[in-house]
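Trainee: I am new to this model. Please pick one part of it and take me through that part and what lies around it.

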Amino acid sequence: YLRETKDLPLTLETDSMSCIKWWVDVSFAVHPDYKSHTGATMIAGKGSVLSTSIKQKINTRSSTEAKLVGITDAMTMIYG
């Protein structure tokens, strides 16, 4: 599918840029070295305009701590 549709344009639309949403999720200790994984996506209008999936740089002791690290990592992308 991807090879056959690579030349098709991607069309995103929005009524306004006043409502941009971020979604962040974390999977705790899923890597062999027990580091967690963070996924984040930015939604503007009717589609995702930015998505990322990254391994966390530090080990955490709980899923709650992993979520805090994931949100902190995502905030660096949000606020640059």
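**A close look at α2**

Mentor: Let us start with α2, which has 17 residues and spans 24 Å from its first C-alpha to its last, close to the 24 Å expected at 1.5 Å a residue (the expected span is 1.5 Å times one less than the number of residues). Helices (H or I, at least four residues) and strands (E, at least two) are DSSP runs, numbered from the N terminus. Please keep in mind that this is a predicted model, where local features need pLDDT of at least 70 and side-chain atom pairs count only at pLDDT 80 or more, while totals for chains, interfaces and linings use all residues. Residues are numbered from 1 along each chain as its sequence is written, and side-chain values use heavy atoms, with hydrogens and water left out.

A66, V69, G70 and A74 of α2 are buried (buried is under 20% relative accessible area, exposed is over 50%, and partly exposed lies in between, with a 1.4 Å probe and protein chains only). Viewed down the axis of α2, its buried residues fall within an arc of 130 degrees, so they line one face of the helix (the arc is that of the directions from the helix axis to the C-beta atoms). Turned away from that buried side is a face with the exposed residues T64, L68 and Y79. Just after α2 comes G80, with a positive phi of about 65 degrees.

What lies over the buried face? β1 and β2 are among the elements that cover the buried residues of α2. They belong to an open sheet of three strands in the order β1-β2-β3, with antiparallel pairing (two strands pair if DSSP finds at least two bridges between them). β1 and β3 are the edge strands, each with a single partner, so one side of each has no neighbour in the sheet. On average, neighbouring strands of this sheet are turned by 15 degrees against each other, direction ignored. α2 packs on the sheet and touches β1, β2 and β3, and its direction makes about 145 degrees with that of β1. Here a contact means heavy atoms within 4.5 Å, and axes are lines fitted to C-alpha atoms, for helices over the stretch in contact, with angles from 0 to 180 degrees between N-to-C directions.

Eight bridges join β1 (residues 20-27) to β2 (residues 37-44), and eight bridges join β2 to β3 (residues 47-55). T38 in β2 is a handy landmark: V26 stands opposite T38, and in β3 the bridge partner of T38 is I54. The hairpin of β2 and β3 has two residues between its strands, and there G45 takes a positive phi near 75 degrees.

On the way from the sheet to the helix, T60 sits in the loop between β3 and α2. T60 counts as buried, at 10% relative accessibility. Leaving aside residues up to four places away in sequence, T60 touches F28, S36, E65, A66 and V69.

K55 forms a salt bridge with D33, the closest N and O atoms being 3.0 Å apart (a salt bridge is a side-chain nitrogen of Lys or Arg within 4 Å of a carboxyl oxygen of Asp or Glu). This pair links distant parts of the chain, with K55 in β3 and D33 in the loop between β1 and β2, 22 residues apart.
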